Every structure is written in C-alpha cells, then in structure tokens.
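Reader: Please take a close look at one part of this model for me. I would like the charged pairs, one by one, with their surroundings.

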Amino acid sequence: MYSILKENIIKFQNFDRISTDRKAVLQPLVDYIQQKINDNQAVNLNFICTHNSRRSHFSQVWAQVSASFYNIQNVYCYSGGTEETALFPKVVETLRNQDFTIFKIEESTNPIYSIKFDENTLPIIGFSKKYDHPFNPRTFAAIMTCSQADGDCPFIAGAEKRIPITFEDPKVSDHTAEQSKVYAERSLQIATEMFYVFSRVISPDNRFLPASKNSLFHL
C-alpha cells in the first residue's frame, strides 16, 4: 500500500467514532465475510446504490483497501446501481486528494477509471454500471448503500445475502461551498466503517497474532 496513503489517511481512522448502534448495522457484513473465510470461499461484495456514482464507489474502494490492509485474502469488491449513470467526478477528485493514484482508461459519457492504492496490486476499475452488469460477479453479498436502492429493489438476482448499510448522499452538497468538505467527510466515514468491518474478521493468517498487530494504529 502506498506509504503516503497510510500516513495521511489510514492512521487517522478512529473506531470510537462509530456508535454502538452503527456497529450493529455493520455486524451482518462482518459475519458474512467471516463465514466465507471459514468456508474457504471467495468473498464477493457488491455495493449497490441507485446511480452507482458516489457512495457505492467510495464503499467498493475502501472495502478493497481494508481487506488488503488486514490481509484478508480472496476478497473481491464491486459496485453497481439500479441504473447506469457515471462515476461522479468529485468522487475521483476526493480519492485523488486522499492519495490514490487514478487515471482515466476510457473517455466517454460514462468514463472508466483505474484506481490504485498499491504499486503491486491490480487497480480497482471504477465506472457506473447496473449491479448485474457482466463485469460484476454472478453471486455476491448485496450491500445496499442508499435507502432508495434498498427500497426500490425488493429482489436482487444473485444476492446470497442482502445487507443494508446506508450512508447520507454527499450529493446534497453539490454546487455549494461545502462540497469538497462533505465529500471528504463521507469518504472518510465510509473508510472508517469498512476498516472496522475488516478489523473484526479473523483470517487463517492472522488468527494467532496479538490483537495489537491487527490494529490500524500499528502501521
């Protein structure tokens, strides 16, 4: 993982910011991942929002980073929407400011981005798509990141488990002086919660390590 990413972002994560009630919301995702790890199966996570433009991408990216940080193997993070739009440019700008390396692979009305957090890891591919797009897996846990998508989709084909973990839409700040601040805060909230989730997962490689070795503050 890029050292600057660790130094400037990850070490500031603080699980005390997550309320007890919110940790209860996150627990089903912990349990799903843990069961897959225990069964030696791949963990396919599909973060779903209406437009697949903001919250679902933040969630996909930070979940993949968190799995890598905690050395949880065979975790594959995706995102999708109930409709296809485009990855919102402010999301790209926010992640760049948080020390990801991002470049555009394809220019179009729905651009495709390469998002890297480590020189030796394959990039995360970011673009807007429906949750059942061929790029995404056929079976997965559906993590619903917005209440609208959760309400509009009573059935999601391919979902082994449906887990609502909704976030406030940073879109409310668009065209205001607070936009950059709101997007950065939402990204870091999602990062904190994804790191919390993966910190609770015990992998075969980590089960005998002292607890302090599995802490964000021991980099």
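**Salt bridges in the predicted model**

Arg22 and Glu193 form a salt bridge, with their closest N and O atoms 3.0 Å apart. This pair links distant parts of the chain. Arg22 sits in helix 2 (residues 20-38). Glu193 sits in helix 6 (residues 179-199). The model is predicted.

Are these two partners buried or exposed? Arg22 has a relative accessible area of 17%. The cut-off for buried is under 20%, so Arg22 counts as buried. Glu193 is buried too, at 5%.

Side chains of opposite charge can pair when their charged atoms come close. A search of the whole structure finds eight salt bridges. Here are two others.

Lys90 forms a salt bridge with Glu93. Their closest N and O atoms are 2.8 Å apart. Both residues lie in helix 4 (residues 89-97). They are three residues apart, about one turn of the helix. Lys90 is buried, with a relative accessible area of 10%. Glu93 is at 36% relative accessibility, so Glu93 counts as partly exposed.

Next comes Glu107, which forms a salt bridge with Lys104. The closest N and O atoms of this pair are 3.1 Å apart. Glu107 is exposed, with a relative accessible area of 59%. Lys104, at 37%, counts as partly exposed.

To recap the burial: Arg22 and Glu193 are both buried. Glu107 is exposed, and Lys104 is partly exposed.

Note on methods: Residues numbered from 1 in each chain as written. Predicted model: local features only at pLDDT ≥ 70, side-chain atom pairs only at ≥ 80, totals over all residues. Heavy atoms only, no water. Salt bridge = Lys/Arg side-chain N within 4 Å of Asp/Glu carboxyl O. Helix = DSSP H or I, 4+ residues; strand = E, 2+ residues; numbered from the N terminus. Buried < 20%, exposed > 50% of the residue type's maximum accessible area, 1.4 Å probe, protein only.
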